[in-house]
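Work through these exercises with the structure in view. Try each task before you read its solution.

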Amino acid sequence: MNIALFGGAFNPIHIAHTLLAKRAMNEFSVDKVIFMPTYISPHKNTTKSVSYQHRMNMVRLATEDEDNFLVSDYESKIEGNSYSYLTLKHLKKDYPHDKLFLIVGADMYISLLQWKNPQIIFELCDIITCPRDEENYNSLLEYSKILENHSCVSHIMKKPVMMLSSTIIRENPRLSYEKGFLDKKVFDYIIRHNLYT
């Protein structure tokens with residue numbers, strides 16, 4: 001079985017996240033996607049962050065109707081920063097006979113060599129990423145050649161999914177929902193708990 005890890009702050013999770021996961025499944029024969037909200041991310045620092053539990057609840061709501069989407073709270077059980085190499089090592093113990101993938105955004109992809117212990121990541125999984133536009137696709141393709149020299153196998157989607165950031169959602173959740181950027185259950189949760197105000 002092919003299993004993809006999709007980690008992130010998911011602050012909040014939005015339609016581009018779930019579309020990206022579905023595209024990964026369709027384009028690269030991924031059987032299951034595990035969404036894993038970061039507990040403490042070494043890459044993110046936002047003044048409008050909400051609690052881990054709120055982010056986890058929103059991810060569960062956004063994915064509960066998809067049989068091939070799983071949600072893991074593993075990173076809430078470890079101390080300190082959520083490093084991908086540690087998470088992947090844990091995942092490999094749970095799925096020792098399956099092929100692992102890691103889904104990352106374009107910006108994260110071109111910083112992979114600066115991550116903690118990237119060589120361990122490359123040994124444990126293939127990388128899946130998605131371009132922002134055609135020019136970005138060419139940049140990712142060039143960077144993939146550099147990563148190949150570090151024994152990294154990567155897969156780049158041919159077309160972008162959607163130009164959308166969680167920052168836009170946080171600035172105006174209601175407008176984002178009206179534009180179709182937010183799952184209704186996630187939007188209702190944001191309003192009910194008065195998040196991002």
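**Exercise 1. Find which elements the buried residues of helix 2 pack against.**

Step 1. Locate the helix. Helices (H or I, at least four residues) and strands (E, at least two) are DSSP runs, numbered from the N terminus. Helix 2 covers residues 52-63. The model is predicted: local features need pLDDT of at least 70, side-chain atom pairs count only at pLDDT 80 or more, and totals for chains, interfaces and linings use all residues. Residues are numbered from 1 along each chain as its sequence is written, and side-chain values use heavy atoms, with hydrogens and water left out.

Step 2. List the buried residues. Buried means under 20% relative accessible area, exposed over 50%, and partly exposed in between (1.4 Å probe, protein chains only). In helix 2 the buried residues are Tyr52, Arg55, Met56, Met58, Val59, Ala62 and Thr63.

Step 3. Look down the axis. The buried residues of helix 2 fall within an arc of 160 degrees, so they line one face of the helix. The arc is that of the directions from the helix axis to the C-beta atoms.

Step 4. Find the partners. Contact means heavy atoms within 4.5 Å. The buried residues of helix 2 pack against strand 1 (2-8), strand 2 (32-37) and strand 3 (69-71), and also against helix 1 (15-28) and helix 9 (184-192).

**Exercise 2. Describe how helix 2 and helix 9 cross.**

Step 1. Recall what is needed. Two packed helices are described by the angle between their axes and the distance between the axes.

Step 2. Read the values. The axes of helix 2 and helix 9 come within 8 Å and cross at roughly 155 degrees. Axes are lines fitted to C-alpha atoms, for helices over the stretch in contact, and angles run from 0 to 180 degrees between N-to-C directions.

Step 3. Classify the angle. Angles under 35 degrees count as roughly parallel, over 145 as roughly antiparallel, 65 to 115 as roughly perpendicular and the rest as oblique. Helix 2 and helix 9 are therefore roughly antiparallel.

Step 4. Name the residues that meet. Helix 2 brings Gln53, His54, Asn57, Met58, Leu61 and Ala62; helix 9 brings Lys185, Val186, Tyr189 and Ile190.

**Exercise 3. Check the span of helix 6 and find its buried face.**

Step 1. Compute the span. The expected span of a helix is 1.5 Å times one less than its number of residues. Helix 6 (residues 134-148) has 15 residues and should span 21 Å; its end C-alpha atoms are 21 Å apart, which agrees.

Step 2. Sort the residues. Asn136, Tyr137, Leu140, Tyr143, Ser144 and Leu147 are buried in helix 6. Seen down the axis of helix 6, these buried residues fall within an arc of 125 degrees, so they line one face. The face turned away from the buried side carries the exposed residues Glu134 and Glu135.

Step 3. Find the partners. The buried residues of helix 6 pack against helix 4, helix 5 (118-124), strand 5 (126-130) and strand 6 (154-156).

Step 4. Look at helix 4. Ala106 lies in helix 4 (residues 106-109). Ala106 counts as buried, at 6% relative accessibility. Leaving aside neighbours within four places in sequence, Ala106 is in contact with residues including Asn136 and Leu140.

**Exercise 4. Is Phe35 buried or exposed, and what does Phe35 touch?**

Step 1. Phe35 is found in strand 2.

Step 2. Check accessibility. Phe35 has a relative accessible area of 0% and is buried.

Step 3. List contacts. Not counting residues up to four places away in sequence, Phe35 touches, among others, Phe6, His17, Val59, Thr63 and Phe69.

**Exercise 5. Inspect the backbone at Pro12, Ser29 and Tyr196.**

Step 1. Most residues other than glycine have a negative phi, and most peptide bonds are trans.

Step 2. Take Pro12. A cis peptide bond joins Asn11 and Pro12, with omega about 0 degrees. Pro12 lies in the loop between strand 1 and helix 1.

Step 3. Take Ser29. Its phi is positive, about 55 degrees, although Ser29 is not a glycine. Ser29 sits in the loop between helix 1 and strand 2. Ser29 is partly exposed, at 48% relative accessible area.

Step 4. Take Tyr196. Its phi is near 60 degrees, a positive value. Tyr196 is in the segment after helix 9. Tyr196 is buried, with a relative accessible area of 8%.
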